[in-house]
Amino acid sequence: QVSAALKEGHVTPTELCQRCLSLIKSTKFLNAYITVAEETALKQAEESEERYRRGQPLGVLDGIPIAVKDNFNTAGIETTCASNMLKGYISPYNATVVQKLLDQGAVLLGKTNLDEFAMGSGSTDGVFGPVRNPWSYSRQYKEKSVPKSHSEDEESNWVITGGSSGGSAAAVSSFTCFAALGSDTGGSTRNPAAHCGVVGLKPTYGLISRHGLIPLVNSMDVPGILTRCVDDAAVVLGSLAGHDPKDSTTVQDNFKPFELPDLTDVSKLSIGIPKEYHAPGLSSEIVALWSKATDLFKNAGAKVIEVSLPHTRYSIVCYHVLCTAEVASNMARFDGLEYGHRSDMNKSTESMYSATRREGFNDVVRGRILSGNYFLLKQNYENYFIKAQKVRRLIANDFVKVFGSGVDILLTPTTLSDAVPYMEFIKEDNRTRSAQDDILTQAANMAGLPAINVPTGLSERGLPVGLQFIGRSFQEKQLLTVAKWFEKQVKFPMIQLEVKRHDHGAFQHQKSASFS
């Protein structure tokens with residue numbers, strides 16, 4: 001819609017950019033952004049305006065304000081990974097996905113907040129503080145939550161965004177940008193998308209370049225896409241997908257961008273419902289929503305069958321072993337010599353190394369490095385790392401068998417419940433939380449399959465709940481087509497964001513501007 005408004009001249013790229021920047025300022029309390037690149041963004045918007053004036057826009061994304069998670073390298077803009085280790089680090093190059101967006105004329109507003117080095121499921125563990133879920137300030141949530149006092153409502157009742165791409169999800173959900181990049185290693189795009197009521201797409205492993213994404217787990221990391229509707233996710237995917245000579249794991253074939261058809265007949269579809277996803281701790285609300293969605297497909301004529309992915313129950317343990325092992329390897333580069341933080345300790349090289357890493361990394365990162373190195377010790381390597389790789393193959397084969405039996409798409413919950421209040425979330429440690437929150441999402445990463453969160457409804461507390469669709473490898477078009485059909489059926493309500501009184505006018509102006 002906004003791309004059409006730009007083409008028809010109803011709004012200019014500069015106006016759009018200024019409106020988004022003013023909204024970023026008025027929603028600063030959400031802590032969604034680490035860096036706001038105001039000057040760069042306005043300059044890019046002016047260049048876009050000039051192209052529109054000449055009648056030569058670069059494409060659908062020209063002039064569209066976007067945000068990027070702060071673990072993608074951006075030339076000239078600080079990339080911190082929300083860690084003391086990289087505070088002040090400015091990359092000499094752009095990540096491939098960032099470059100592709102800029103080549104399409106997109107306007108980069110800034111870098112979004114995350115868990116330190118993307119290790120977490122709440123966006124609460126970064127050095128810049130936790131991200132607040134915009135729905136905490138929505139009319140829908142406020143009407144349902146009964147605070148003891150007004151001040152307590154504001155300060156202790158707010159809920160988390162999920163993670164680790166919580167900043168990107170909050171940015172899209174609060175209208176400060178039209179699309180954002182996240183990363184997805186075990187669910188880090190889909191989890192916050194579910195909690196913030198937006199669409200979160202994790203493409204097939206190898207479809208989008210990882211070059212310039214600061215790695216967490218090389219064999220599972222995928223750049224993720226966060227938007228407010230499925231069509232938008234398809235548009236962004238179209239401009240990002242395809243081979244990259246700088247990333248040997250990207251697919252060799254050419255990728256043709258596609259427009260999503262309007263699906264009218266789902267009778268030829270076979271939807272699989274994996275019984276293992278009835279995980280311990282799954283809230284009754286989500287079970288009810290999942291079963292309602294199943295009925296929706298049944299009533300529309302689709303074939304709905306229960307399927308089994310028997311090795312799913314081992315996947316979270318297997319994921320933890322492989323994840324920490326790769327983390328230990330990847331984090332070795334942060335030694336204080338080439339870039340990032342460097343300790344003043346100068347007794348010896350070894351003492352400088354260890355002091356740098358002690359000062360630069362938080363407990364979560366250090367804990368994962370220790371676990372990973374333990375699993376990789378000579379005496380443990382066969383029993384942990386190699387065994388986990390074998391189990392990973394079994395998990396991937398489960399999916400191959402199910403899709404080989406004629407199932408087109410799997411339908412599962414994305415999260416165990418709606419978003420929890422921050423004060424409740426931090427009672428448990430990161431390791432426990434991640435094990436709970438990634439349980440429904442990480443198997444798709446282990447198998448390298450495409451998966452998408454579609455916002456489905458509101459919980460009794462007035463907070464978003466999403467469901468996940470998992471597709472066959474490289475069948476993004478089919479996955480997104482089904483997701484779009486489902487999105488149309490459920491008609492998820494728009495957030496009624498009530499920004500603090502003095503900013504309220506700015507938001508109203510913003511919203512009407514964006515959707516005129």
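Tutor: First, what I mean by contact: heavy atoms within 4.5 Å. Also keep in mind that this is a predicted model.

Student: Fine. Which residues of α4 are buried?
Tutor: Helix α4 covers residues 96-103. Its buried residues are Thr96, Val97, Val98, Lys100 and Leu101.

Student: At what angle do α4 and α9 pack?
Tutor: About 105°, with the axes 9 Å apart. Angles from 65 to 115 degrees count as roughly perpendicular, so α4 is roughly perpendicular to α9.

Student: Which residues make the contact?
Tutor: From α4, Val97, Lys100 and Leu101. From α9, Val236, Ser239 and Leu240. By class, the contact of α4 with α9 has four nonpolar residues, one polar and one charged.

Student: What follows α4?
Tutor: Glycine 105, with a positive phi near 90°.

Student: Back to β3. Is threonine 112 buried or exposed?
Tutor: Threonine 112 is in strand β3. Its relative accessibility is 0%, so it counts as buried.

Student: What does threonine 112 touch?
Tutor: Leaving out residues up to four places away in sequence, threonine 112 touches Ala32, Tyr33, Ile34, Ala67, Val68, Lys69, Asp70, Gly167, Ser168 and Ala171.

Student: New topic: helices again. How do α11 and α13 pack?
Tutor: Helix α11 (residues 312-330) and helix α13 (residues 363-375) pack at about 100°, and their axes are 7 Å apart. That angle makes α11 roughly perpendicular to α13.

Student: Which residues meet there?
Tutor: On the α11 side, His320, Val321, Cys323, Thr324, Ala325, Val327 and Ala328. On the α13 side, Arg368, Ile369, Ser371, Gly372, Asn373 and Phe375. The contact of α11 with α13 divides into seven nonpolar residues, five polar and one charged.

Student: Now rings. How many aromatic pairs are there?
Tutor: The count is 17 aromatic pairs, taking ring centres within 6.5 Å.

Student: What about phenylalanine 297 and phenylalanine 486?
Tutor: Their ring centres are 5.9 Å apart and their planes are at 5°, so that pair is stacked. Phenylalanine 297 is in helix α10 (residues 284-299) and phenylalanine 486 is in helix α18 (residues 476-490), so the pair ties together parts 189 residues apart in sequence.

Student: Is phenylalanine 297 buried or exposed? And phenylalanine 486, buried or exposed?
Tutor: Phenylalanine 297 counts as buried, at 0% relative accessibility. Phenylalanine 486 is buried, with a relative accessible area of 0%.

Student: Which rings form a cluster?
Tutor: Tyr89, Phe117, Phe334, Tyr339 and Phe361 are linked into a cluster by ring pairs.

Student: What lies over the face of phenylalanine 178?
Tutor: Arginine 228, at 5.1 Å from the ring centre.

Student: On to the backbone. Where is the cis peptide bond?
Tutor: Glycine 163 and serine 164 are joined by a cis peptide bond, with omega about 10°. Serine 164 is in the loop between α6 (150-156) and α7 (166-173).

Student: What is phi at cysteine 81?
Tutor: About 55°, a positive value although the residue is not a glycine. Cysteine 81 lies in the loop between β2 and α4. At 1% relative accessibility, cysteine 81 counts as buried.

Student: And lysine 491, what is its phi?
Tutor: Phi of lysine 491 is near 45°, again positive in a residue other than glycine. Lysine 491 sits in the loop between α18 and α19 (504-514). With 66% relative accessibility, lysine 491 counts as exposed.

Student: Last one. Where is aspartate 115?
Tutor: In the loop between β3 and α5 (139-144). Aspartate 115 is buried, at a relative accessible area of 0%.

Student: What is aspartate 115 in contact with?
Tutor: Setting aside neighbours within four places in sequence, the contacts of aspartate 115 include Cys81, Gly163 and Ser164.

Conventions. Residues are numbered from 1 along each chain as its sequence is written. This is a predicted model: local features need pLDDT of at least 70, side-chain atom pairs count only at pLDDT 80 or more; totals for chains, interfaces and linings use all residues. Side-chain values use heavy atoms; hydrogens and water are left out. Axes are lines fitted to C-alpha atoms, for helices over the stretch in contact, and angles run from 0 to 180 degrees between N-to-C directions. Helices (H or I, at least four residues) and strands (E, at least two) are DSSP runs, numbered from the N terminus. Angles under 35 degrees count as roughly parallel, over 145 as roughly antiparallel, 65 to 115 as roughly perpendicular and the rest as oblique. Ala, Val, Leu, Ile, Met, Phe, Trp, Tyr, Cys and Pro count as nonpolar, Asp, Glu, Lys and Arg as charged, and the others, Gly among them, as polar. Rings of Phe, Tyr and Trp (its six-membered ring) pair if their centres lie within 6.5 Å; planes under 30 degrees apart count as stacked, over 60 as edge-to-face and the rest as tilted. Buried means under 20% relative accessible area, exposed over 50%, partly exposed in between (1.4 Å probe, protein chains only). A charge sits over a ring if NZ of Lys or CZ of Arg is within 6 Å of the ring centre and within 35 degrees of the ring normal.
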